[in-house]
Amino acid sequence: MNSPADNILMLRVKEGDLYPMGLLFKRYHRELFGFFYHMSGNPDASEDMVQTAFYRMIKYRNSFTGHGAFRSWMYQLARNVLLDHVEHNKRSARQHNVEDYAERIGGGTLADELLQKTEQATQLRNALARLSEAREVLVMSEYQDLKYKEIAEILNVTEGAIKTRYHRAMNELKTIYLKNEDER
């Protein structure tokens, strides 16, 4: 989704014209929400972090040079927002318990399928939350559709390091998920 037009818009913001920030918000608020949600598991906190990220884009607009992609710069700020959030909230990510929803869903095949999908999604979120540092790479790649090159730029490492982290994260996720499946 990143385009040279995003850089131009952000350069206008840097020059003091805040109107283009509204356009950037329309383009990227959902994407950032998804990133924060997949990293934290908390929709309310994710919405707050999106707002904080856009506030910081305005506050630190002078740090945008226009040489790299706007999206990479945005994710660097977003990562800092996430790290600050984690520092301030040492508790683990809020998880939804499927049993909380079971009473709300009536019986029947459709409801059973929905419940099963909800359970699987919960198991996947739980496994994702237990991943090591590599979770961030997995979320950026799988949920945010960032390319390895973009992630490498955001994290300031080589593309090869990102590929290694991605594969390690996938293997770790598979191990955790299957272990949780066996424990059920």
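Modeller: Start with burial: buried means under 20% relative accessible area, exposed over 50%, and partly exposed in between, with a 1.4 Å probe and protein chains only. This is a predicted model, where local features need pLDDT of at least 70, side-chain atom pairs count only at pLDDT 80 or more, and totals for chains, interfaces and linings use all residues. Residues are numbered from 1 along each chain as its sequence is written, and side-chain values use heavy atoms, without hydrogens and water.

Colleague: Why is Asn-42 called buried?

Modeller: Its relative accessibility is 19%. The limit is under 20%, so Asn-42 counts as buried. Asn-42 lies in the loop between α2 and α3. Helices are DSSP runs of H or I with at least four residues, strands are E runs with at least two, and both are numbered from the N terminus.

Colleague: What makes the pair Asn-42 and Ala-45 a polar contact?

Modeller: A side-chain polar atom of Asn-42 lies 3.0 Å from the backbone nitrogen of Ala-45. The cut-off is a pair of N or O atoms within 3.5 Å, one able to donate a hydrogen and the other to accept it; residues adjacent in sequence count only if both atoms are side-chain atoms.

Colleague: Which residues touch the most other members of the largest nonpolar core?

Modeller: Met-10, Leu-32, Phe-35, Phe-36, Met-57, Phe-70 and Tyr-75, out of 39 residues. Such a core joins buried Ala, Val, Leu, Ile, Met, Phe, Trp, Tyr and Cys through side-chain atoms within 4.5 Å. The largest share, eight residues, comes from α4.
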